[in-house]
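Here are a few exercises to work through with the model open in your viewer. Try each one yourself before you read the solution.

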Amino acid sequence: MLTCIRHTLTALAIGATLFASNAFAVDITGAGSTFVQPIITKWSATYAEKAGSHINYGGGGSGAGIAQIKAATVDFGASDKPLTTEELSAAGLGQFPIVIGGVVPVVNVEGIKAGDLKLTGALLGDIYLGKVKKWNDPAIASANAGAKLPDLAIQVVSRSDGSGTTFNFTNYLSKVNADWKSKVGEGTSVQWPAGVGGKGNAGVAAYVQQINGAIGYVELAYALQNKMAFTKMENAAGKTVSPNLASFAAAASHADWKSAKDFNLVMTNAPGDESWPITATAFALVYKTPKDAAKSKELLSFFKWAYTEGGKQAEALDYVPLPKELATQIESYWKAEIKL
Amino acid sequence: MSANATAITLSQVDEQRARADARADAVFRLVVRGAGLFVLAALAGVALTTLWGGSEALSTFGFGFLTSTEWDTVGHKFGALAPIYGTLVTAAIALIIAVPVSFGIAMYLTELAPAWLRTPVSAAIELLAGIPSIIYGMWGLFVFVPIMGRNIIPWLNEHVGDIWIIGPLFRGPPLGLGMLTAGIVLAIMVIPFISSVMREVFLTVPTRLKESAYALGSTTLEVVWDVVLPYTRTAVIGGIFLGLGRALGETMAVTFVLGNVHRLSLSLLEPGNSIAATIANEFAEADSEIFRSSLIALAFLLFVVTFIVLAAAKLMLMQLAKRQGTT
């Protein structure tokens, strides 16, 4: 009995010392977009070593992230789709982008290698609408003079689960294809007019690889890891661009953030000669008047660290760090909007 | 005197023991009744919570929820026909394949296989039953789907696709994914369940019954068909419905190979959707109340579908028993 008490006391003492030495470290929880989950997890591991604070990010999807931050069961949420200023002020939330990524079309057509094929937004929309049915369709052929296109049916692959990838992809198609906008629209999941649906980026990648004549859309990392044949795209400026970190960064810096209140902006179809047209971000959602100011302070310093020091890790995972001006704009947004 | 005292104490002990026994028995009865009622409570709980959660969708769309194939997540219009159809069709394909194969396995193991082979094969079946469904799904997607797409579907298109009536079922694009593929993967998943139940019950048939039949000159097939099966009919059908229940509710494996689209198509080679796969795919990002409610209503419908199927099976069994009685 005595030894037992002594053990407990020792444990308490050790606990107290640990607590004292980590007085500024806090545990922060977040949930939402799976698009940013790999990079937040990576950042948080490094940040924990440096600052001692743990950022526990749960994923679960944007819908879950928005619901959980509104219920205040987490310290921050992350959504692929920006909330409007009205939605934000109704819930007392502030919003800012986290990191940049991109969605790329991938194809499985014999003889077509990565970068061989070029698509326009309108054409991509027509393919996903089921209007362009064959790879040797005149519409594809005229955009790709000289390419050898087989007489093969196009098999459209989409995401069966709701996702930010789908949101950005359908948002882009709605901007560049009027028919798409009126018939299908945009959302984390939509009613696909044609094709099959795979679960997750990995599911889409697997379906495209298994089905002869398939076209799908995945995040860049999946296209590169699986060595898939991604296509080039014609962007808003009419220039042909390849999907890579440089063209994602170009889109992020050309997007009109300055006039986007609460950063309510979807970057697809961004202006600029080098901009990749289906560039995406995810948005962090935080309380403007947080209950626990210490936690929020630490959360913001985590993001600040990520913007300034987390770039290398982001690029290693095929994300692009935010442009400097954007990061500066976010910091002044914090100062103006978030009461600490 | 001492003998008398012993008798008293003995009877007291007896009485005490009897009382303790009665108490233990009462407790036991209570515990067992609790276990029994727990099943009912869980069942009612699931039914009521899914009905409550899905009530918004059911009241908004009414009966149309059952008859519409629309699944418009942007326009908030939902109908459950495509997933219900996909669930029933894939489960039916699974049973059409799994029941004869399981019957063959069980018959071989109990009647024909040499003794040294019985234990390893039985163990293998039980191991198959323990494989997580996602493994079957991955096998389906990475191994079986290419075989379907490259070999089986083109063959079906060419040789079966033109046959009268059943032709349209087997005409479709060589995707490899689709309801037939899902049905076959499901069949492989439920075979261990059905065949191990069948094997167990075939073993309970008294040897003298079988030997009498053999003595009368029956062939092995006749013995199995006319003696073993009638003797074990109830349990065999029970085993089949265990497999059916699993096929109806299977999620991960089906999601991998079904194609996950809300479209109704006659062809078994086209992609479709199932109730469980739809819920698994879409619940996390169901961003509106009505969307989430529709998914929960789907869960309720799966519950109803399973209940109807099991009730039909019970009725069929009773009908069979009645006919058995009259002949």
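**Exercise 1.** Work out whether helix α10 of chain B (residues 275-282) is mostly covered or mostly open, and which of its residues are buried.

Solution. Keep in mind that this is a predicted model.

Step 1: go through the helix residue by residue. Of the 8 residues in α10(B), 6 are buried, so the helix is mostly covered.

Step 2: name them. The buried set is B:I275, B:A276, B:A277, B:T278, B:N281 and B:E282.

Step 3: zoom in on B:A277, a residue of this helix. Its relative accessibility is 0%, and since buried means under 20%, B:A277 counts as buried.

Step 4: see who covers it. Setting aside residues up to four places away in sequence, B:A277 touches B:T251, B:V254, B:T255 and B:N260.

Step 5: B:A277 and B:S288 sit 11 residues apart in sequence, and their C-alpha atoms are 19 Å apart in space.

**Exercise 2.** Find how helices α3 (residues 81-112) and α4 (residues 115-129) of chain B are oriented to each other, and which residues make the contact.

Solution. 

Step 1: get the geometry. The two axes come within 10 Å and cross at roughly 155 degrees.

Step 2: classify the angle. Angles over 145 degrees count as roughly antiparallel, and α3(B) and α4(B) therefore run roughly antiparallel to each other. Their crossing is left-handed.

Step 3: list the contact. α3(B) contributes B:I105, B:Y108, B:L109, B:T110, B:E111 and B:L112, while α4(B) contributes B:L117, B:R118, B:V121, B:S122 and B:I125.

**Exercise 3.** Now do the pair α3(B) and α6(B) (residues 179-203): at what angle do the axes cross?

Solution. 

Step 1: the axes of α3(B) and α6(B) come within 6 Å and cross at roughly 40 degrees. That makes α3(B) oblique to α6(B).

Step 2: check the hand. α3(B) passes α6(B) in a right-handed crossing.

Step 3: sort the contact by class. For α3(B) with α6(B) the tally is 27 nonpolar, 6 polar and 1 charged residues.

Step 4: pick a residue on α3(B), say B:T110. B:T110 has a relative accessibility of 8%, so it counts as buried.

Step 5: list its partners. Not counting residues up to four places away in sequence, B:T110 touches B:R118, B:R199, B:F202 and B:L203. B:R118 is one of the α4(B) residues in the contact from Exercise 2.

**Exercise 4.** Over in chain A, take A:K227 and A:F263: which loop holds each one, and is each buried or exposed?

Solution. 

Step 1: look at the backbone. A:K227 has a positive phi of about 50 degrees although it isn't a glycine. A:F263, also not a glycine, has a positive phi near 55 degrees.

Step 2: A:K227 is in the loop between α10 (220-225) and β9 (229-230) of chain A, and A:F263 is in the loop between α11 (245-254) and β12 (279-287) of chain A.

Step 3: check accessibility. A:K227, at 74%, counts as exposed, whereas A:F263, at 2%, counts as buried.

**Exercise 5.** Describe the surroundings of A:L245: which residues is it in contact with, beyond its neighbours within four places in sequence?

Solution. 

Step 1: A:L245 belongs to helix α11 of chain A. With 24% relative accessibility, A:L245 counts as partly exposed.

Step 2: leaving those sequence neighbours aside, A:L245 is in contact with A:L220, A:E315, A:D318, A:Y319 and A:V320.

Step 3: compare sequence and space. A:L245 and A:A280 are 35 residues apart in sequence and 12 Å apart from C-alpha to C-alpha.

**Exercise 6.** Sum up chain A as a whole: how many helices and strands does it have, and how compact is it?

Solution. 

Step 1: count the elements. Chain A has 14 helices and 12 strands.

Step 2: the radius of gyration of chain A is 23 Å, close to the 20 Å that the globule rule gives for 340 residues, so chain A is as compact as a globular protein of that length.

Step 3: The C-alpha trace of chain A spans about 85 × 50 × 35 Å along its principal axes.

Step 4: finish with burial and contacts. Of the 340 residues in chain A, 55% count as buried. Among contacts in chain A with a separation of 6 or more, 76% come from residues 24 or more positions apart.

Methods: Residues are numbered from 1 along each chain as its sequence is written. Chains are lettered from A and ligands numbered from 1 in the order in which they are written. This is a predicted model: local features need pLDDT of at least 70, side-chain atom pairs count only at pLDDT 80 or more; totals for chains, interfaces and linings use all residues. Side-chain values use heavy atoms; hydrogens and water are left out. Axes are lines fitted to C-alpha atoms, for helices over the stretch in contact, and angles run from 0 to 180 degrees between N-to-C directions. Helices (H or I, at least four residues) and strands (E, at least two) are DSSP runs, numbered from the N terminus. Angles under 35 degrees count as roughly parallel, over 145 as roughly antiparallel, 65 to 115 as roughly perpendicular and the rest as oblique. A crossing is left-handed if the near helix is turned anticlockwise from the far one by less than a right angle, and right-handed if clockwise. Contact means heavy atoms within 4.5 Å. The radius of gyration is taken over C-alpha atoms; the globule rule is 2.2 Å times the number of residues to the power 0.38. Buried means under 20% relative accessible area, exposed over 50%, partly exposed in between (1.4 Å probe, protein chains only). Ala, Val, Leu, Ile, Met, Phe, Trp, Tyr, Cys and Pro count as nonpolar, Asp, Glu, Lys and Arg as charged, and the others, Gly among them, as polar.
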